[in-house]
Amino acid sequence: ERKILSFKERASLCQHPLTKRIFGIMEEKKTNLCVAADVTFCAKLLEIAETVGPHICVLKIHADILEDFNSEFPEKLKDVAKKHNFVIFEDRKFADIGHTVYMQYTKGIHTIVEWADIIDCHPLPGPGILEGLKQAGIKKGRGCLLIAQMSTKGNLVPANYPEATAHFADHHRDFVIGFIGQSRLIPDPTFINFTPGIKLEESSDSLGQQYVTPQEAIQNRGADVIIVGRGITDANDPQATAAEYKKAGFDAYSQLL
Ligand code: 5FU
């Protein structure tokens, strides 16, 4: 019995061009892997992007941890993204009032809206946060993920929060392309579900991070895209390890078809 729609079928159902594009990349490159490149120098980040590029659909970064961030860096990253056909996700986790997030998205040294295909925000402040981000993002074809749940031990996300988040997404389909969470919120196949906290073996770190396997995330919790950071970036051979995660993720998905 078939449990899910294929990425190709989901691409054809999507209204948002960015969602369509991401499902298209996932189908074409046979990958549901997003690498979190959490490093502190631009050259290292670009090296990781080149190395794992062929194996990923999305590269997630935290621009604010780069010690030598400069205006040439986004152009270089965009070139690598174009070459290997992946999209760029700035995991800024906006969480303020609409007016402030608009400025954080468009101003400062990072000018995130100019280069990040995907951003994310906490829905906690209410609709104003999306209205603020949208003012800058929509005209550039950008998309936003809503953080519905967190992977960390003892997090304060209340049980009914994911439901309210799904409702929120439904009202902002022109900008919200999916969710970040530990389980699928709603069956709607036009939203993409990203799950962080992934390693090939279940474990945790010393600062509250908790990991589940690609198979558990995809087959039991409804993840579409798995986010893997240190499991790949700290490996002896990040390229081979990315290929391994890609295979684990895509096999887990394929078994549901
Ligand atoms: F929203 C979340 C969350 O709930 N957990 C996370 O770990 C985001 N993350 C991000 O995923 C976090 O900021 C890291 O960039 C990444 C996980 O990295 P790891 O090295 O695989 O633990």
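Which residue of β7 stands opposite G178? The answer is given in point 2, after a word on the model.

1. This is a predicted model, in which local features need pLDDT of at least 70 and side-chain atom pairs count only at pLDDT 80 or more, while totals for chains, interfaces and linings use all residues. Residues are numbered from 1 along each chain as its sequence is written.

2. G178 stands opposite I192 in β7. Strand β7 (residues 192-195) runs parallel to β6 and is joined to it by three bridges; strands pair if DSSP finds at least two bridges between them. Helices (H or I, at least four residues) and strands (E, at least two) are DSSP runs, numbered from the N terminus.

3. Strand β5 (residues 143-147) also pairs with β6 in the parallel sense, over four bridges. Here C144 lies opposite V176 of β6.

4. Strand β6 (residues 176-180) is largely enclosed by the rest of the structure, because five of its five residues are buried (20 or more other C-beta atoms within 10 Å of the residue's own, with C-beta atoms placed from the backbone).

5. A right-handed β-α-β unit is formed by β5, helix α7 (residues 161-170) and β6: with the strands pointing away from the viewer, the path from the first strand over the helix to the second runs clockwise.

6. Helix α5 (residues 98-106) and helix α6 (residues 127-137) have axes that come within 7 Å and cross at roughly 35°. Axes are lines fitted to C-alpha atoms, for helices over the stretch in contact, and angles run from 0 to 180 degrees between N-to-C directions.

Methods
Buried ≥ 20, exposed ≤ 12 C-beta atoms within 10 Å, placed from the backbone.
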